[in-house]
Amino acid sequence: MLDQKGFVIPDWPAPDNVQALVSTRISFYRSDEASKILNGYDHFNLALHVNDQPQRVLRNRETLAQYLDVSPSSIAWLEQIHGTDVIKTEDYLNERVAKPIRADASISSTKRQVCAIMTADCLPVLFCNIPNKDEPQQVAAAHAGWRGLADGILSKTLDKFPHPENVIAWFGPAISQTYFEVGQEVYDVFVNKNTANKKAFITSLNSSLENPKWLASLTELAKIELAEAGIKEVYCGDYCSFERSDLFYSYRRDGSQSGRMVSLIMLT
């Protein structure tokens with residue numbers, strides 16, 4: 001669901017004190033302004049590593065923090081490297097580092113500390129638990145590109161919850177299977193890991209015997225991994241980052257001139 005400020009709001013049965021959203025390139029802009037967006041960093045890019053003007057990105061980050069009613073330092077901005085490290089926001093904020101920590105997921109049990117993941121085609125996955133009396137309430141966000149999925153980023157994020165069976169997950173905007181063509185080496189990585197992953201691939205029209213090509217579904221691969229981990233409730237948005245140039249950045253569509261959206265979650 002897209003709200004009046006241009007954020008995607010998850011449709012899932014999270015507890016009332018869980019706030020989650022995904023920014024778009026039109027967040028905080030009027031519809032007539034948004035209609036002029038065709039490519040590049042315009043307007044609401046939140047990444048400092050994509051050669052956008054740093055002062056503009058920092059201004060966007062401050063605007064986001066004001067909207068969330070948190071201090072800018074309460075958002076745990078990560079340097080994502082398609083790995084599997086998961087950090088606690090409490091540790092990140094206590095260190096007060098001058099540059100982001102290298103990790104691809106974060107988890108928090110502290111109110112108003114924000115787990116944040118930047119994407120421009122990779123799958124953002126948000127988690128929260130429906131806690132029993134003997135466990136803390138927690139939220140988490142994970143960056144699930146194909147490399148991270150292959151190496152188990154979602155399972156390693158779930159390992160941070162004391163009772164993963166009480167966790168629900170939501171998938172944010174990502175590139176859809178229609179546009180995500182990969183080579184045989186990617187197919188082999190997943191099928192060798194788990195034969196169930198075969199159903200996440202269909203043969204591309206560009207495929208040949210000499211050069212096999214596949215269309216991969218990040219959401220299906222993520223569903224399979226979460227099912228293996230015992231997660232029973234998974235909720236999916238229906239936005240494709242590649243297809244919806246009016247709303248989302250896409251590295252595969254726009255290349256190095258692509259900005260980044262942020263998917264975030266916190267306890268209020």
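Which residues does Ala216 touch, not counting residues up to four places away in sequence? I found Gln177, Phe180, Val182, Ala200 and Phe201, where contact means heavy atoms within 4.5 Å.

Before going on, I note that this is a predicted model, in which local features need pLDDT of at least 70 and side-chain atom pairs count only at pLDDT 80 or more, while totals for chains, interfaces and linings use all residues. Residues are numbered from 1 along each chain as its sequence is written, and side-chain values use heavy atoms, with hydrogens and water left out.

**Ala216.** I placed Ala216 in strand 13 (residues 213-216), strands being DSSP runs of E with at least two residues and helices runs of H or I with at least four, numbered from the N terminus. Ala216 is buried, with a relative accessible area of 1%; buried means under 20%, exposed over 50%, and partly exposed in between, using a 1.4 Å probe and protein chains only.

**Cores.** I then looked up the largest nonpolar core, which has 47 residues, and those with the most contacts inside it are Trp12, Leu64, Leu68, Ile75 and Ile265. Such a core is a set of buried Ala, Val, Leu, Ile, Met, Phe, Trp, Tyr and Cys residues joined through side-chain atoms within 4.5 Å. Among the elements that each supply at least two residues are helix 2 (54-68) and strand 8 (123-129), and strand 15 gives the most, with six residues. Apart from this core lies another, of 35 residues, including Phe127, Phe161, Val167 and Phe201.

**Ser108.** I found Ser108 in strand 6 (residues 105-108), buried at 0% relative accessibility. Its side chain makes a polar contact with the side chain of Glu90 at 3.4 Å; the term means a pair of N or O atoms within 3.5 Å, where within protein one must be able to donate a hydrogen and the other to accept it, and residues adjacent in sequence count only if both atoms are side-chain atoms. A polar atom of the Ser108 side chain also lies 3.2 Å from the backbone nitrogen of Thr110.

**Cysteines.** I counted zero disulfides, a disulfide being a pair of cysteine sulfur atoms within 2.5 Å. Cys236 is in no disulfide either, as the nearest cysteine sulfur, in Cys240, is 14 Å away.
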